[in-house]
Amino acid sequence: MLVDDSILYLANTNVSNLLQLIDLNKKEIIGEFVPFGSAPQEAVNISRIQKKMNYLYLYDMGQLRLNRFELGLNNVLSYEKAIQFDSAFDDVIVLSDTLCVALVLDSEMKRLSYFQDGKFVKTVGEYPEIKGRGLTGLEKIEGIASSLVSSDDAKRIALVYKNTDLIDIYDIEGVLIKRIHGPDCFLPDVSTKTLGEYKKVTSESGKSRDAYFSPVSMEDGIAVLYSGKVYNHQKADYLMEWILVFDWEGNPVKRYKLEHPIFCFSIDANKIIYGIT
């Protein structure tokens with residue numbers, strides 16, 4: 001989800017058009033776009049929504065594709081072009097109209113991959129050292145699964161980790177500026193299960209803990225949902241009541257305890273929080 005200029009852009013898999021535009025002042029849907037499908041203007045799984053100037057960028061993880069739409073009069077979207085990736089990424093963010101950064105899903109590569117005009121440029125960034133954990137390649141990918149967010153001026157990039165309470169701050173070139181561990185300082189607990197010919201990495205019930213989710217860039221820092229809860233396969237709980245705020249140097253600034261727990265959120269220019277329960 002994304003809030004910009006009183007419009008909520010919401011990815012919704014329960015309708016035929018996967019992207020809904022909601023006027024927050026009128027509290028009504030003002031547009032539905034992007035049908036489910038594999039055609040260029042369609043999508044299967046919208047996992048990231050970004051707005052740059054008059055363009056909306058949608059990362060379709062289901063088709064390994066970053067679509068760009070022009071936002072016209074009366075909030076009408078027009079498909080313009082797409083970047084087709086060769087492999088899956090955990091997340092993709094757009095830094096400019098020609099440059100994007102992707103989170104690699106390959107333990108043999110670096111953490112970040114840069115693309116210029118859709119062409120691969122470089123891979124940079126180091127995996128965190130998980131002491132006392134002899135993780136296989138697959139377990140490393142799952143154990144340090146992350147989300148990306150960039151500063152409004154595109155000079156900083158943050159990785160927030162889902163299964164360990166780490167946050168990495170990089171500069172625009174992919175140089176690690178700071179690594180934060182906390183507030184509870186736990187490591188990922190994952191294991192590999194064999195199902196016939198296939199292997200699956202799963203969280204350890206009663207051991208694994210959820211960490212950071214849904215990072216949002218603000219003018220002066222990063223706001224991110226924090227869980228800290230122990231995973232229970234019989235009673236999964238994905239709602240979170242804490243939002244932690246850091247500046248772009250990695251220093252903790254504030255924390256908010258929400259009256260109603262949420263699993264995803266966005267913040268408008270007036271610092272009003274919009275969340276999904």
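Let me begin with a term: a residue is called buried when its relative accessible area is under 20%, exposed when that area is over 50%, and partly exposed in between, with a 1.4 Å probe and protein chains only. What you see is a predicted model, in which local features need pLDDT of at least 70 and side-chain atom pairs count only at pLDDT 80 or more, while totals for chains, interfaces and linings use all residues. Residues are numbered from 1 along each chain as its sequence is written, and side-chain values use heavy atoms, with hydrogens and water left out.

On the overall build, the chain has one helix and 24 strands, these being DSSP runs numbered from the N terminus, with helices (H or I) of at least four residues and strands (E) of at least two. Of its 277 residues, 47% are buried.

Now to the charged pairs. A search of the whole structure gives eight salt bridges, a salt bridge being a side-chain nitrogen of Lys or Arg within 4 Å of a carboxyl oxygen of Asp or Glu. One of them joins Arg48 to Asp91, with the closest N and O atoms 2.6 Å apart, and this pair links distant parts of the chain, since Arg48 sits in strand E5 and Asp91 in strand E9, 43 residues apart. Are these two partners buried or exposed? Arg48 is buried, because its relative accessible area is 15%, and Asp91 is buried as well, at 5%.

A second pair is Arg179 with Asp168, where the closest N and O atoms are again 2.6 Å apart. Arg179 lies in strand E16 and Asp168 in strand E15, so parts that are eleven residues apart in sequence are tied together. Here Arg179 is partly exposed at 32% relative accessibility, whereas Asp168 is buried at 0%.

Finally, at the surface, Tyr238 is exposed, with a relative accessible area of 56%, and is found in the loop between strand E20 and strand E21.
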